[in-house]
Amino acid sequence: MSLQLWTHCKAATMQADAAQAYGLIEDAALVVQGESIAWVGPRTEVPADLLARCGTQHDAGGALITPGLVDCHTHLVYGGDRAYEFELRLNGVSYEEIARAGGGIASTVKATRSASAQQLQAQSESRLRQLLAEGVTTLEIKSGYGLALEHERKTLAVARALGQAHPVDVRTTFLGAHAVPAEFAGRSDAYIDAVLEMLPLLHAEGLVDAVDAFCERIAFSTAQTERVFAAAKALGIPVKLHAEQLSDSGGAQLAARHGALSCDHLEWLSPEGARAMAAAGTVAVLLPGAYYFLRETKLPPVALLREQGVPVAISTDCNPGSSPCTSLLLMLNMACTLFRLTPEESLAGVTRHAAAALGLRDRGVLAKGMRADFVLWGVQRPAELSYALGANPRLKTVFKGQIV
């Protein structure tokens with residue numbers, strides 16, 4: 001098989017054990033074989049046998065190359081929008097009043113249920129294209145706006161279809177335990193029963209890569225979440241958790257007991273929860289877009305996560321109610337300015353650690369054997385990716401070894 005050689009570039013490999021910040025190689029070369037990276041390192045050290053087999057050579061024009069970006073927490077597939085409610089809130093109407101009038105998650109559930117699969121796909125593709133334009137090559141999409149078997153199936157199938165139609169790897173997460181739908185009002189345990197009936201059916205149809213739940217005082221208890229996680233474990237499906245966003249419910253410890261891939265939000269994470277996550281190898285996914293949009297004041301405990309050695313990922317949390325965001329680059333900046341992550345931590349948060357938050361060990365760094373997903377940027381230093389508000393310096397994306 002003929003190989004591809006990429007030269008005239010800098011490479012931020014993002015390897016964890018690299019001696020240089022960002023794993024940066026100033027005068028780098030990458031050798032690609034099929035869908036994988038065959039070699040990466042200083043240009044002057046490319047092995048002669050590989051060089052002789054390089055039938056295609058690419059001049060990167062001095063670009064910075066990073067791993068393809070990973071958006072590891074989105075609710076990308078949904079119907080309608082909540083711009084009207086946004087305006088109401090800014091005019092003094094409370095979230096509770098909006099919810100009582102049929103707004104909030106209930107309004108998105110209504111719009112999602114009424115939309116056809118074709119309509120959902122068309123609306124979601126618009127959001128997806130914006131993410132792809134910023135170098136996203138792997139994307140998680142959660143369900144959770146259908147809240148009934150027919151509609152959860154529909155949203156997960158649309159998510160799968162998006163991955164088949166575009167140069168991006170879509171990982172699907174079943175979030176049936178997102179909220180209690182209107183027809184189960186006051187009967188949350190009965191709704192969890194319904195979720196447990198949906199899960200094996202959707203899994204058998206190949207629509208579920210992971211299972212998530214919203215463990216919070218306005219959503220589901222730790223006992224109810226435990227039931228969902230036990231069912232997922234019985235099917236061999238990894239779990240994730242919306243945890244400690246509004247209060248410390250002990251969700252992080254629960255998730256860690258189940259070996260969760262990630263806990264997400266975490267503004268109210270306790271030291272005990274952080275220690276449990278560290279011991280379990282669970283990734284912390286921080287969502288600065290939701291923090292900003294909801295005007296939260298409780299910061300996630302970044303110093304605690306660092307102290308405990310918990311890996312930190314960053315994501316858009318793209319959703320209609322609390323983070324209508326389709327810019328992962330903007331999240332890099334917000335992670336730095338709002339949460340005080342360093343630019344290197346933020347970039348690791350959308351590459352290496354974001355891949356780990358999805359249980360993917362074949363991407364997120366530039367190294368031999370990793371999948372050849374990478375992005376060429378028109379910048380001189382990696383910190384520029386988190387520095388400039390509204391900028392998109394992407395030059396081109398390579399997905400599975402092919403230029404997009």
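**Figure 1. Side-chain pairing of His58 and Gln4.** In this predicted model, a polar contact of 2.9 Å links the side chains of His58 and Gln4; a polar contact is a pair of N or O atoms within 3.5 Å, where within protein one must be able to donate a hydrogen and the other to accept it, and residues adjacent in sequence count only if both atoms are side-chain atoms. His58 belongs to strand β4, residues 54-67; helices (H or I, at least four residues) and strands (E, at least two) are DSSP runs, numbered from the N terminus. The relative accessibility of His58 is 17%, so His58 counts as buried; buried means under 20% relative accessible area, exposed over 50%, and partly exposed in between, with a 1.4 Å probe and protein chains only. Leaving aside neighbours within four places in sequence, His58 is in contact with Gln4, Leu5, Trp6, Thr7 and Ile403, contact meaning heavy atoms within 4.5 Å. Residues are numbered from 1 along each chain as its sequence is written. Because the model is predicted, local features need pLDDT of at least 70 and side-chain atom pairs count only at pLDDT 80 or more, while totals for chains, interfaces and linings use all residues; side-chain values use heavy atoms, with hydrogens and water left out.

**Figure 2. Surroundings of Ser315.** Ser315 is located in the loop that runs between β12 (312-314) and α13 (328-337). With a relative accessibility of 0%, Ser315 is buried. The side chain of Ser315 makes two polar pairings in this view: one with the side chain of Asp71, at 2.4 Å, and one in which a polar atom of the Ser315 side chain lies 2.8 Å from the backbone oxygen of His73. Beyond neighbours within four places in sequence, the contacts of Ser315 are Asp71, Cys72, His73, Val285, Leu286, Leu287, Pro288, Leu328 and Met331. The C-alpha atoms of Ser315 and Cys325, which are 10 residues apart along the chain, are separated by 9.8 Å.

**Figure 3. Burial of helix α13.** Eight of the 10 residues of α13 are buried, so this helix is largely enclosed by the rest of the structure. The buried residues are Leu328, Leu329, Met331, Leu332, Asn333, Met334, Ala335 and Cys336. An α-helix has 3.6 residues a turn, so residues three or four places apart point the same way.

Figure 4. Asp373 occupies the loop between α15 (352-357) and β13 (374-377). This residue is buried, its relative accessible area being 4%. A polar atom of the Asp373 side chain lies 2.8 Å from the backbone nitrogen of Lys400. Apart from neighbours within four places in sequence, Asp373 is in contact with Pro67, Gly68, Thr137, Thr138, Leu366, Val398, Phe399 and Lys400. Asp373 and Thr7 are 366 residues apart along the chain, and their C-alpha atoms are separated by 16 Å.

**Figure 5. Thr138 in strand β6.** Thr138 is placed in strand β6, residues 136-142, and is buried with a relative accessible area of 0%. The side chains of Thr138 and Arg363 are joined by a polar contact of 3.0 Å. Not counting residues up to four places away in sequence, Thr138 touches Leu69, Val70, Asp71, Val168, Asp169, Arg171, Leu358, Leu360, Arg363, Arg371 and Asp373. Asp71 is also the partner of Ser315 in the 2.4 Å polar contact between side chains.

Figure 6. Glu244, a residue other than glycine, has a positive phi near 50°. Glu244 is found in the loop between β9 (240-243) and α9 (251-257) and, at 0% relative accessibility, is buried. His265, likewise not a glycine, has a positive phi of about 95°. The position of His265 is in strand β10, residues 262-265, and His265 is buried with a relative accessible area of 3%.

Figure 7. The protein chain contains 16 helices and 15 strands. Its radius of gyration, taken over C-alpha atoms, is 21 Å, close to the 22 Å that the globule rule gives for 404 residues, so the chain is as compact as a globular protein of that length; the rule is 2.2 Å times the number of residues to the power 0.38. Of the 404 residues, 57% count as buried. Among contacts between residues at least 6 apart in sequence, 71% join residues at least 24 apart.
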